[in-house]
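Subject: Structure for you to look at

Hello,

Here is the structure I said I would pass on. Please open it first, then read the notes below it.

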There are 2 protein chains.
Amino acid sequence: MIEPLPTEDIPKQSVSIVGIASRCAPHKLGADELEAIARRHYSSTPSLEKMLEINRKTRIDHRYSVFSSDHEHWHRPTIPSFSECDSLFKEYGIPLASAASARAIQDWGGVPDEITHLVAVTCTNTAHPGFDSVLCRKLGLKCNVRRVLLHGIGCGGGISAMRVAHELLLGSTQQGVPARALIVACEVPTVFARSELDIMDKTQDVNVAMCLFGDCAAALVLSNGIGHKASEQRPIWNILNCEPTQFDGTEDIAHFNVHDKGYHAIIDKRIPQLTGKCVPAGFQSLISSTPSLALEEKNYVPSNYGWAVHPGGYAVLVAAQDALGLTADDLRASYDAYRDGGNTISTTIIRILEKLRDEHKHGSNQKDKLVLAAIGHGITLETAILTRPGSSSYLHA
Amino acid sequence: MIEPLPTEDIPKQSVSIVGIASRCAPHKLGADELEAIARRHYSSTPSLEKMLEINRKTRIDHRYSVFSSDHEHWHRPTIPSFSECDSLFKEYGIPLASAASARAIQDWGGVPDEITHLVAVTCTNTAHPGFDSVLCRKLGLKCNVRRVLLHGIGCGGGISAMRVAHELLLGSTQQGVPARALIVACEVPTVFARSELDIMDKTQDVNVAMCLFGDCAAALVLSNGIGHKASEQRPIWNILNCEPTQFDGTEDIAHFNVHDKGYHAIIDKRIPQLTGKCVPAGFQSLISSTPSLALEEKNYVPSNYGWAVHPGGYAVLVAAQDALGLTADDLRASYDAYRDGGNTISTTIIRILEKLRDEHKHGSNQKDKLVLAAIGHGITLETAILTRPGSSSYLHA
């Protein structure tokens, strides 16, 4: 058990990221594999040909699926029911989440029963109890770990979870007690691939999501620094602030709507163009709500920061790059995460953080502040700003 | 905009409940109505007769539904699809949630754009974006209100939402900024009544949930007290602590499992018996984790507190009453909420709080500390302890 420090010894500390890990699903899903699956079940139609054409031009090298190419999921003649999709998530998704969590806990250097909070997120499963309840048992977390399972936010989920965990841990600091939060994002969109292909065949509406989403789980460990032990990793980043913005008039731009066989992704073509407006506006809102940065003009210049942008699609990254006046190299880690794995929904931003952390370990020159941005359902832009410890703002911003 | 107080003026304040309201659905659903609906669509079977027998013995006077007795939902020959259930939740549930929220905001005395956090919960809808996103727009909340939509916790959801909001607001206190959280629970289980009747007819498994659940929305406003304005209601209760406990070996006791037409409730007969074990154990854990109470023996005597227990069913209340050594009068508000509305899932505990607040307004003699307890999926017991302001522990516990 971590002993709480006496109140007066508690420095006004920020919340830090002290563990990161991601696990993409084990089986590669290239453009060819998707084409073979689609053609096995559906004859050629205009929408199928258009989708497969887009699928060859996504600039994704490969995505990953929990299903091997010979798995029955791809070959069965019928569409899996919603409860079968739930069972497949439990059979393949939860072990992936557990592996990513265990690796992040190992990276942190603490032990599972010192985890005080679990903030989990997925948009590719709905269950009561949720996968967070199952994960607690698998990982051996305490019986009164404070669980939060987030719903309804889609690709913004990784940063939403960070925002919630950040404030929960500041709440523990206010109470003078140690707190360590495990954040777990787990997405298995390929369980719905068969029903999405079927809907597209019936409606003849081209579904771009088919070409973008991949399976993955990713985890972070956050610490409020109280009761820090030598075995625990030093902070990788400190969280300065998180800020969500829901944009007016965007209700219909992106949905992941429930239906009898699962969820159907609706992604409006205007998302890249919208990104170009939302990300700069959300960035301004993030900086102006960060006390230590708000008052200086130079802090509103995007290129003064490192960036991690959720790759909704290649055009989304290009739009953000242009709107922020960045270079492709500034978004290198985001482009890399997109090329090798595609859009893995709420887990993607954590994969990008992992890449940036590993690059930094190998001496790559990075700016001391990093801005994260991800567009989720609503349209809600989730943003966060992190700083390297040791830079001026290590202590509370 | 609420002006933040200069840091040194901020008393170590607790988070308070400053607004409460609930809205049961408008249409009474008595035992007779359910029987008429069931017999209209299904011939007599052993499970139907058993369920209708239980339905006459629940001791619920009536439940409420968003659907009037002549609504097409009860009369249509086919089972509504999952997406139709989603549309019905949006058509009837969100307006109920909006009405309860508006009433709680009015009770609080503040204005919508001073709401900094929205913590929403439901287990009777799954949507991306979630109903929290829609509610923000309907209520005119700020575009960067910090949203949390909780999933996977069922009947424990009302207290889970309070726990999360409590800690988020303590996080704002740690940052020295004003915070007001709107908590909204919204449950429309009768959208799934037709599919539940159909499953029971096919499986011949008697489904007790059919007899217990009712439609309702309920809302609370919480404040961290910073920047308090004269227009704002004084605290009704202060939150001392919230504590969840997930019990080993209870994974299979209660589920709300997804299927093609919605969710299917599985409620094990052992829940009342389990309540008798879990509630006392969870109460001990709550008190021992509340710094201002943990060290005195007398604080571990249940009858020293007021109680609000989620009425999973009548037998659940009786089991809790016996296990805690309470009288029926001690749980009067919980029994009343059960009789008039039934088990309205995550909203029920807020209905009970509203009853206790109204009784207190009319001079009823109540103990100055109130314990809340609700068993949710997992099995997870969510507990909280509140105190009347002005009693010794007004300031931070």
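A word on terms before the findings: Ala, Val, Leu, Ile, Met, Phe, Trp, Tyr, Cys and Pro are counted here as nonpolar, Asp, Glu, Lys and Arg as charged, and the others, Gly among them, as polar. Please also keep in mind that this is a predicted model.

The largest pocket

By that scheme, the lining of the largest pocket is made up of 29 nonpolar, 13 polar and eight charged residues. The pocket holds about 1000 Å³ of space. It is lined by 50 residues, and those closest to its centre are Val208(B), Ala209(B), Leu212(B), Ile267(B) and Asp268(B). Which elements of chain B supply at least two residues each to this lining? They are the helices α2 (46-56), α7 (193-203), α8 (271-288) and α9 (314-324), together with the strands β9, β10 (262-267) and β13 (369-376).

Where the two chains meet

Chain B has 63 residues in contact with 63 residues of chain A. About 5300 Å² of area is buried between the two chains, and carbon and sulfur atoms give 46% of that. On the chain B side, the residues that lose the most area to chain A are His128(B), Arg137(B) and Gln174(B), which together account for 17% of what that side buries.

There are eight salt bridges between chain B and chain A. One salt bridge joins Glu167(A) to Arg146(B), with 2.5 Å between the closest N and O atoms.

Which elements of chain B give two or more residues to the side that touches chain A? These are α4 (82-108), α5 (131-139), β5 (146-150), α6 (157-174), β8 (237-246) and β9 (254-259). Of these, α6(B) gives the most, with nine residues. Sorted by type, the residues on this side of chain B are 22 nonpolar, 29 polar and 12 charged.

Salt bridges overall

Over all chains, the whole structure has 49 salt bridges. In one pair in chain A, the side chains of Arg56(A) and Glu35(A) meet with 2.7 Å from N to O. This pair links distant parts of the chain, with Arg56(A) in helix α2 (residues 46-56) and Glu35(A) in helix α1 (residues 31-41), 21 residues apart.

Backbone details

The bond from His128(A) to Pro129(A) is cis, with omega near 0 degrees. Pro129(A) sits in the loop between β4 (117-121) and α5 (131-139) of chain A. In chain B, the bond from His128(B) to Pro129(B) is cis, with omega near 0 degrees, and Pro129(B) lies in the loop between β4 (117-121) and α5 of that chain. His128(B) was named above among the residues that lose the most area to chain A.

Arg59(B) is in the loop between α2 and β3 (62-65) of chain B.

Regards

Methods: Residues are numbered from 1 along each chain as its sequence is written. Chains are lettered from A and ligands numbered from 1 in the order in which they are written. This is a predicted model: local features need pLDDT of at least 70, side-chain atom pairs count only at pLDDT 80 or more; totals for chains, interfaces and linings use all residues. Side-chain values use heavy atoms; hydrogens and water are left out. Contact means heavy atoms within 4.5 Å. Buried area is the accessible area (1.4 Å probe) that two parts lose on being put together, summed over both. A salt bridge is a side-chain nitrogen of Lys or Arg within 4 Å of a carboxyl oxygen of Asp or Glu. Helices (H or I, at least four residues) and strands (E, at least two) are DSSP runs, numbered from the N terminus. On a 1 Å grid over the protein atoms alone, a cavity is a set of points where a 1.4 Å probe fits but cannot get out, and a pocket is an open set with protein on both sides within 12 Å along at least five of seven lines; lining residues have an atom within 4 Å of a point. Grid points are joined across faces, edges and corners, and a volume is the space filled by probe spheres set on the points.
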